[in-house]
Amino acid sequence: MDKSEKTDVVLLACGSFNPITNMHLRLFELARDFMNGTGKYRVIKGIISPVGDAYKKKGLIPAHHRIIMAELATKNSNWVEVDTWESLQKEWVETAKVLRHHQEKLEASNCDHQQNSPVLERSGRKRKWTEQRQNSSQKKSLEATPKGVPKVKLLCGADLLESFGVPNLWKSEDITQIVADYGLICITRAGSDAQKFIYESDVLWKHQSNIYLVNEWITNDISSTKIRRALRRGQSIRYLVPDLVQEYIEKHNLYSSESEDRNAGIVLAPLQRNTAEAKP
């Protein structure tokens, strides 16, 4: 396929990143290799979007620490960057809205650059200080995305895909919007049967052509939960997280038994909101 016929893709990963690990970074590399390998897509950028404090997940440390660690982790990457918009919102923001925010931002950027220059400039770290615009009033269908504008796709692990089945954790219309309008790139792990999960969901099955399952052949079982457990027990986490992240955690003594009790007993924001909205 001719280079000009390929669709530019931006990979967006939403999550706690509490803390960010080497596995989070590997997701981007695996997804880029897979999407580029299809011959239909060209991955031009990756975005890490840490969730805000209002998510109220147990053990979730303040967003500013998670943002700094993510920025340290991606310091040497020439294509993955950190975006603070989601983490700065006072209320918890649904993933579908975060996707829409970034798609609209790309569309606005493309429009600006077409007026000023024929070349689509890649939004990079040097422009981080620029005020991030939220065009929440724009409800345009993504079917009408202007030609040449990169498409945002949600990058996730198998655990996020399977969480679609947890009652009241996701709105059904949000799941539909994510898989129908944007698309999902899911890195599968040992012990998960993502294909079976898709088969058992009518919505996911209907839009399976927009769900990309990527096998992780070099298995990696690192998780933020295991990192925090090791830190509480005074064990080494070296080579599990980037060195700069390890140094930051140690300098600020971020994870302890006390930090793990943060938000204990508080209902997770999406469960709280969606349960309330589901009541007659």
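Predicted model: local features only at pLDDT ≥ 70, side-chain atom pairs only at ≥ 80, totals over all residues.
Local features are described where pLDDT is at least 70 and side-chain atom pairs count only at pLDDT 80 or more, while totals for chains, interfaces and linings use all residues. Residues are numbered from 1 along each chain as its sequence is written, and side-chain values use heavy atoms, with hydrogens and water left out.

The protein chain has 12 helices and six strands, where helices (H or I, at least four residues) and strands (E, at least two) are DSSP runs numbered from the N terminus. Of its 280 residues, 49% are buried, a term that stands for under 20% relative accessible area, with exposed meaning over 50% and partly exposed in between (1.4 Å probe, protein chains only). The chain exposes about 15100 Å², of which carbon and sulfur atoms supply 50%; accessible areas come from the Shrake-Rupley method with a 1.4 Å probe, and for residues only the protein chains shown count as cover. Among contacts (heavy atoms within 4.5 Å) between residues at least 6 apart in sequence, 81% join residues at least 24 apart.

The six strands form an open sheet in the order 3-2-1-4-5-6, with parallel pairing; two strands pair if DSSP finds at least two bridges between them. Strand 3 (80-82) and strand 6 are the edge strands, each pairing on one side only, and the twist averages 25 degrees from one strand to the next. Angles of this kind run from 0 to 180 degrees between N-to-C directions, with axes fitted as lines to C-alpha atoms, for helices over the stretch in contact.

Strand 4 (residues 151-157) pairs in the parallel sense with strand 5 (residues 184-188) over four bridges, and strand 1 and strand 4 likewise pair in the parallel sense over four bridges. Leu154 of strand 4 is the bridge partner of Leu12, and the bridge partner of Leu154 in strand 5 is Leu184. Six of the seven residues of strand 4 are buried, so this strand is largely enclosed by the rest of the structure.

Helix 6 packs on the sheet, touching strand 4, strand 5 and strand 6, and its direction makes about 125 degrees with that of strand 4. Within helix 6 (residues 172-182), Asp174, Ile175, Ile178, Val179 and Tyr182 are buried. They lie on the same side of helix 6 because they cover an arc of only 120 degrees around the axis, the arc being that of the directions from the helix axis to the C-beta atoms. Just after helix 6, Gly183 takes a positive phi of about 115 degrees.

Trp217, in the loop between strand 6 (211-215) and helix 9 (224-232), is exposed, with a relative accessible area of 73%. Trp217 and Leu30 are 187 residues apart in sequence and 9.8 Å apart in space, C-alpha to C-alpha.
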